[in-house]
Amino acid sequence: MNIPVYDVLGSSWDMAGLPPGPLADLYDYWDGKRAGRPWPSRADIDPLDIPLLLKYLLLIEIERLQPMRIRFRLVGTNFHRFFGRDLTGKTRDEAELRPDGPGAGLAEMMAEWREVLQRGAPRWASVRQRVERDGLGWVRFTGLALPLSRANTSDGAGTADMLLVATLYHPDEAA
């Protein structure tokens with residue numbers, strides 16, 4: 001029997017269903033920065049405004065949408081610990097996030113991120129992933145992806161070409 005290494009447990013575009021806590025706090029911050037626009041610009045986001053959330057954050061620049069090429073601009077300490085190294089400034093390829101290693105599930109996440117960018121809308125998801133190192137076993141992730149633009153336009157006409165992502169993870173006791 002082939003056991004999947006990545007299972008989507010639930011995913012939603014409806015932010016009303018977002019569990020309370022750090023992800024909801026980040027959504028509220030992002031929503032406040034939109035100022036009537038579809039999404040805020042990168043310049044609107046100051047990580048120092050949200051110090052308690054920094055460890056959960058990824059700020060991702062989209063260098064190319066098809067095929068998707070990403071660069072990690074900000075990487076929270078929880079990700080340093082999970083990946084075993086700092087990915088700041090690296091592309092996915094430079095970070096060597098292989099599908100059979102710490103990057104397992106990243107292709108699926110990137111497909112969801114692409115959809116967030118194309119729709120220009122936030123999305124949250126809960127997934128579980130098999131992690132074959134450090135005795136982790138199955139890990140449950142709950143993540144939130146929020147579109148941003150590099151351009152600072154007052155009318156919101158910029159392109160969603162960045163993502164602000166937050167992820168919480170912990171061992172999945174139910175697996």
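# A tour from a loop to a cavity

Start by selecting Ala35, which lies in the loop between helix 1 and strand 2 (57–64). The model is a predicted one. Ala35 has a positive phi of about 50°, although it is not a glycine. Most residues other than glycine have a negative phi. Is Ala35 buried or exposed? Its relative accessible area is 63%, and exposed means over 50%, so Ala35 counts as exposed.

Next, go to strand 2 and show strand 3 (residues 69–75) with it; the two run antiparallel and are joined by six bridges. The hairpin that joins strand 2 to strand 3 passes through four residues. To see one of the bridges, select Ile62 and its partner in strand 3, Ile70.

Now turn to the aromatic rings. How many aromatic pairs does a search of the whole structure find? It finds two. For one of them, select Tyr27 and Trp30, which form a tilted pair with 5.8 Å centre to centre and 35° between the planes. Both residues lie in helix 1 (residues 22–34), three residues apart, which is about one turn of the helix. Tyr27 and Trp30 are both buried.

For the other pair, select Phe141 and Tyr169: these rings are also tilted, at 5.7 Å centre to centre with 35° between the planes. This pair links distant parts of the chain, with Phe141 in strand 5 (residues 137–148) and Tyr169 in strand 6 (residues 162–171), 28 residues apart. Phe141 has 11% relative accessibility, and the limit for buried is under 20%, so Phe141 counts as buried. Tyr169, with a relative accessible area of 26%, is partly exposed.

Select Trp13 and Arg119: Arg119 lies over the face of Trp13, at 4.1 Å from the ring centre.

The last stop is inside the protein. Which residues lie nearest the centre of the largest cavity? Select Met109, Glu112, Trp113, Ala125 and Gly143, which are among the 17 residues of its lining. Helix 4 (106–119), strand 4 (123–131), strand 5 and strand 6 each give two or more residues to this lining. Strand 5 gives the most, with five residues. Colour the lining of the largest cavity by residue type to see 12 nonpolar, three polar and two charged residues.

Methods: Residues are numbered from 1 along each chain as its sequence is written. This is a predicted model: local features need pLDDT of at least 70, side-chain atom pairs count only at pLDDT 80 or more; totals for chains, interfaces and linings use all residues. Side-chain values use heavy atoms; hydrogens and water are left out. Rings of Phe, Tyr and Trp (its six-membered ring) pair if their centres lie within 6.5 Å; planes under 30 degrees apart count as stacked, over 60 as edge-to-face and the rest as tilted. Buried means under 20% relative accessible area, exposed over 50%, partly exposed in between (1.4 Å probe, protein chains only). A charge sits over a ring if NZ of Lys or CZ of Arg is within 6 Å of the ring centre and within 35 degrees of the ring normal. Two strands pair if DSSP finds at least two bridges between them. On a 1 Å grid over the protein atoms alone, a cavity is a set of points where a 1.4 Å probe fits but cannot get out, and a pocket is an open set with protein on both sides within 12 Å along at least five of seven lines; lining residues have an atom within 4 Å of a point. Ala, Val, Leu, Ile, Met, Phe, Trp, Tyr, Cys and Pro count as nonpolar, Asp, Glu, Lys and Arg as charged, and the others, Gly among them, as polar.
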